[in-house]
Amino acid sequence: MRVEGMTRSSRFEGFYKLPLEKRREALKEFASLTDEEVKTLANTGGLPAEVADHMIENVIGGYTYPLGIAMNFRINGKDYLVPFALEEPSVVAAASNAAKMARVKGGFTVTNTGPVMIGQIQAVNVPKPDTAKAKLLAHKAELLKKANDQDPMLVSLGGGAKDLNVKKLSTLKGPMVVVELIVNTGDAMGANAVNTMAEALTPMVEEITGGRVLLRIISNLADRRLVKATAVFDKETIGGEDVVDGIVYAYAFADADPHRCATHNKGIMNGVIAVGIACGQDIRALEAGAHSYASRSGHYKPLTTWEKNREGDLVGTLEMPMAVGLVGGAAKTHPTARANIKILGVKSAIELAEVMGAVGLAQNFAALRALASEGIQRGHMKLHSRNIAISAGATGDLIDMVATRMIVEKRVRFDRAKELIDELTKLKS
Ligand code: MEV
């Protein structure tokens, strides 16, 4: 990492052994950081530096997102204030507004299929795959017992390995046998529990199949851990029949076209991921689950459906995997995540999953309603232009003055913000 002439080397022996302070010093030299920049990087926000240092490797500091609260959510008859951590303007306001409209017809109804994950064990070079498959199924009870021996605590809480399937796959490298362990992970997201169980079965699977076990890992296509959210939106409340029809057309577009569908589903994930970050969840797992589930038919499809009911109201449904947990991981170790879970007031992983399902549906409704009427730019521009004003150096009253002028002039640009700051500062003095 030392600066050698003009070249910078990324090879640095023992960076991980240094205390945080020294790591930052090394980085300061590497990237010619200013003292101010080093101070910014060192700020770990609500996460104590020692905790951060044990969460990942080579920690140098923290990275903070704005944390906002989406209001008005009524889910399964209970009211929630929902913490969102994200950088994108309009998302929190859109969710709050959608939730307010959903309340008119009772809010969101959400069900779930239970906290069930799948662990996969890949066996290769299996001499007789069909026989191996039958033998594995015949040894199901012993395999499940071995898996459950790994986590007596989970089992005592009613969770654990409940079932086992075996698949024979034709692959690029010939036939393979894959054991799928079906595990109720309770209030945990479950990756640790499932991976430990899958690894523990290695010797038994090798002995039974006569093959070699390679991968043993959870599947993020969590299609046994689904949430299903529905809501009815009153036609008058949302702007009349045209808006209802517009949203149904928007859904039909996403259903027919993957380019549109990716953006449709992205809008859903705006809310799901923001709540996931706020509550310390593995958001990569949530994304992987969502998009693989959306593709399960062989075509990439929307995670929601929208239709008009007999009364002319709009009915939305969302169905997607939601692998979230309250025990283990950042949900427990990150103080901000813990506080956010307390704000939400959820008592179980499935309750958190249900809230996130409702949020996804609300977010999708808000996006489609805006897109099918005035478009999203007007709302976006308000916040965007405030951000531009701040980044150009506006403070205090100047932020709104500069932002409003840029919107009126339809010139929301950094250079214009600078000019306006100069102009308005001169006028004020
Ligand atoms: C922007 O972050 C999300 C939207 O593009 C979603 C959509 O198009 O449905 C507005």
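User: Happy to look at this with you! Which residue in the turn of the hairpin formed by E3 and E4 has a positive phi?

Analyst: Good place to start, and do keep in mind that this is a predicted model. Strands E3 and E4 form a hairpin, with 2 residues between them. The turn residue with a positive phi, of about 50°, is Asn76.

User: How many bridges join strand E3 to strand E4?

Analyst: Strand E3 covers residues 67-75 and strand E4 covers residues 78-85, and the two run antiparallel. Within this pairing, Ala70 stands opposite Val82 in E4. The number of bridges joining the strands is 7.

User: Thanks! Now for the open sheet of 4 strands: which are its edge strands?

Analyst: The strand order is E7-E8-E6-E9, with antiparallel pairing. An edge strand here pairs on one side only, and that applies to residues 160-171 and residues 212-219. On average, neighbouring strands of this sheet are turned by 20° against each other, direction ignored. The edge strands are E7 and E9.

User: Which residue in E9 does Gly119 stand opposite?

Analyst: Strand E6 spans residues 116-124 and pairs with E9 in the antiparallel sense over 6 bridges. Across from Gly119, the residue in E9 is Ile218.

User: What angle does the direction of helix H6 make with that of E7?

Analyst: Let's take helix H5 along the way: residues 129-138 pack on the sheet, touching E7 and strand E8 (174-184), and the direction of H5 makes about 175° with that of E7. Helix H6, residues 140-149, also packs on the sheet and touches E7 and E8. For H6, the angle with the direction of E7 is about 115°.

Conventions
Residues numbered from 1 in each chain as written. Predicted model: local features only at pLDDT ≥ 70, side-chain atom pairs only at ≥ 80, totals over all residues. Heavy atoms only, no water. Pairing = 2+ DSSP bridges. Axes fitted to C-alpha atoms, helices over the stretch in contact; angles between N-to-C directions. Contact = heavy atoms within 4.5 Å.
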